[in-house]
2 protein chains.
Amino acid sequence: MRQSATDRPPTMADVARVAGVSHQTVSRVLSGHPNVRKATRAGVQRAIDELGYRRNSAARALATRRTRTLGVIAVNTTFHGPASTLSGLEGAAREQGYLVSAVSLRTIDKDALTQAMTHLATWGVEGVVVITSQRQAVDALAELRTPFPVVTVEGGHSLALPGVALDQYLGARLVTEHLLAVGHETVWHVAGPQDWLEAEARTAGWRAALEDAGAPVPPALVGDWSPLSGFRIGQQLAGRAGRRSGPDPRLSAVFVANDQMALGVLRALSEAGVRTPADVAVAGFDDIPEAEFFPPPLTTVRQDFGAIGRASIRLLIDRIEERAVRETHLTVAPQLIVRASTARPIA
Amino acid sequence: MRQSATDRPPTMADVARVAGVSHQTVSRVLSGHPNVRKATRAGVQRAIDELGYRRNSAARALATRRTRTLGVIAVNTTFHGPASTLSGLEGAAREQGYLVSAVSLRTIDKDALTQAMTHLATWGVEGVVVITSQRQAVDALAELRTPFPVVTVEGGHSLALPGVALDQYLGARLVTEHLLAVGHETVWHVAGPQDWLEAEARTAGWRAALEDAGAPVPPALVGDWSPLSGFRIGQQLAGRAGRRSGPDPRLSAVFVANDQMALGVLRALSEAGVRTPADVAVAGFDDIPEAEFFPPPLTTVRQDFGAIGRASIRLLIDRIEERAVRETHLTVAPQLIVRASTARPIA
DNA sequence: TGGAGAAGTGTGAGCGCTAACACAGACGAA
DNA sequence: TTCGTCTGTGTTAGCGCTCACACTTCTCCA
């Protein structure tokens, strides 16, 4: 990878000159065209190595009208879920020879989304993955016209746009059914903000599981995903633990819509002297790395973020390269992880 | 943003034709050149809007030899620290009109680093930020020759390369001094893997604080950043809590090198019936969002990842645009966050 | 031995933009 | 007036690559 002494990086013409062939032959070698004699190929390769030549992607993009660049738009990539999805996505794209550029937004209203799209479009991305967990993002997206394909992640399957999502509904059912199976009369629920599709689906799954089992359905308590909101709700829950308060069913198990809130709930219960799982069982959702070491280790639902990232890239590249395959909505299966926080209560 | 009826997106020539000027005038309008009459500018702008024209970045890059693209190489972007840094970095770059592409690696040996650099170089990045927390990454980086500037984050200040880092040493001192100040005879330390520069600096800061205070220096116990390793080490610590075992000083306070391990330590202590902070005070490092709700809420050191990201982009763009400013090493100050896990023991 | 077809290579014209220069007209100073 | 200078605009030549085609050699079979 020797750097040429001159100021400018070597061009294809330089390589051609050194190898004693035309620039077109160099191009053929570079793109693995079959009709090149072995000796010629070797000579060109030698020249390339000698000069430390590297194809100029801008010129290539200009000539081919293909940038081989993908965009990603996401909210709050500092959290475990989006960050993991992003990472899986980037790896999958790189494998396919694409460059990916992510735009990380604080909020995802229509303006911010449009702006992010413009930014990416300016750079000539051939497609975009939008991690659209919030309803407003989905709505904004639905109205947006783009000159390239768009794929959603966690955007629900109601959209015309193709998308990948974890089966949140199933995950919530699994947790709820597990809690009922270990002997709880019913399961309370700390929900995520209902403008989040994931939160909504988890709530729906929980409700369906209870109804199917003929269990009473307590009111859902709504948090904002943060440990603090979990803590506040946990304090309310602690007050009615084990008791039958008013019209509501007895509280002995709680399904919390994410692990961070579950941490807050656990803390509030413990401060109030309510034991987990002896008095109240608690389950979460996400399986963040810390969940295994919560007090007590948390039963939760694991999401395969890597798989979600890979699947969305596949969907997107299918569309860009106009492959025949036309799946539009992929679902990734969740996995129930049972830990001490829902251990069977001593009968 | 009307999409033209023809297959191809409009070019500068199309805009020029519609506006009745030359393509060069369009170019001047687009790049804000002053010498364009107001009326001409308006006419061109109207044509741009009408056609939904957008500058082709590949052609622009080819003509200017500037791609306005930056690369980022990082390990394990799924963790809170790197993910936050990345996010801050991306925002800062976008503000400056740059596109950023991140490559997320699993391990950062020389091979992987070279490959990532090649990938980014192929796409013509004008500079790269490498988040190099591990010694081997720094070593590999030192040997690498690149045709563009490189800036490190958390790479220590020993390198010839410019870089940004949090003052890990100071952070560790602050925690340790705080623990001594609340009355502990000495402070034990659960360290991160010593091939990580951050871990090393935290250990050094802890040791220096103890030595300066004339406190005995217990052996450092080395973990791998994971909650599990913290748990294992916590079990060992629980065994000697409050006791003076062999030659080692009394254990009443522990400084853990990151919050995740601290969670494991807390759990191990609590399982062994050791109370925090009554029997043993525990402090962490990072201030992850969960730390405030640990059992008990964790005293820790907050890092301003956003600031780190912004600073590194500034350093990089300074170099790319060859500005006069030549700071080479920036340090971001840490902030001690005191919570219940180190509350003053009842004397 | 000839000629069709394949294999291997070269030529020229763009891709859509910016940089450099050319040039016309307006304006103030000598 | 006459020049210089500034303003506003157009013209031309690339940037480094690929695509389409032309051309030269082979190969093989009638």
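How many nonpolar, polar and charged residues does the surface near DNA strand C have? The points below begin with that surface.

1. Basis of the model. This is a predicted model, in which local features need pLDDT of at least 70 and side-chain atom pairs count only at pLDDT 80 or more, while totals for chains, interfaces and linings use all residues. Residues are numbered from 1 along each chain as its sequence is written, and chains are lettered from A and ligands numbered from 1 in the order in which they are written.

2. Surface near DNA strand C. By class, this surface has 9 nonpolar, 12 polar and 4 charged residues. Here Ala, Val, Leu, Ile, Met, Phe, Trp, Tyr, Cys and Pro count as nonpolar, Asp, Glu, Lys and Arg as charged, and the others, Gly among them, as polar. Two or more residues each come from α2 (23-30) and α4 of chain A and from α2 (23-30) and α4 of chain B; α4(B) gives the most, with 5 residues. Helices (H or I, at least four residues) and strands (E, at least two) are DSSP runs, numbered from the N terminus.

3. Helix α4 of chain B. Within α4(B) (residues 57-64), Ser57(B), Ala58(B), Arg60(B), Ala61(B) and Leu62(B) are buried, that is, 20 or more other C-beta atoms, placed from the backbone, lie within 10 Å of their own. The cover over these buried residues includes α4 (57-64) and α6 (110-122) of chain A. After the helix comes Arg65(B), with a positive phi near 60°.

4. Contact of the two chains.

5. Symmetry. Chain A superposes on chain B by a rotation of 180° with 0.0 Å of shift along its axis (RMSD 0.1 Å). That is the relation of a two-fold axis. The superposition is by least squares on the C-alpha atoms of residues with pLDDT of at least 70 in both copies. Because 100% of the interface residues of chain A are also interface residues in chain B, the copies meet through the same surface.

Technical notes:
A residue is buried if 20 or more other C-beta atoms lie within 10 Å of its own, exposed if 12 or fewer, and partly exposed in between; C-beta atoms are placed from the backbone. Two residues are in contact if their C-beta atoms, placed from the backbone, lie within 7 Å.
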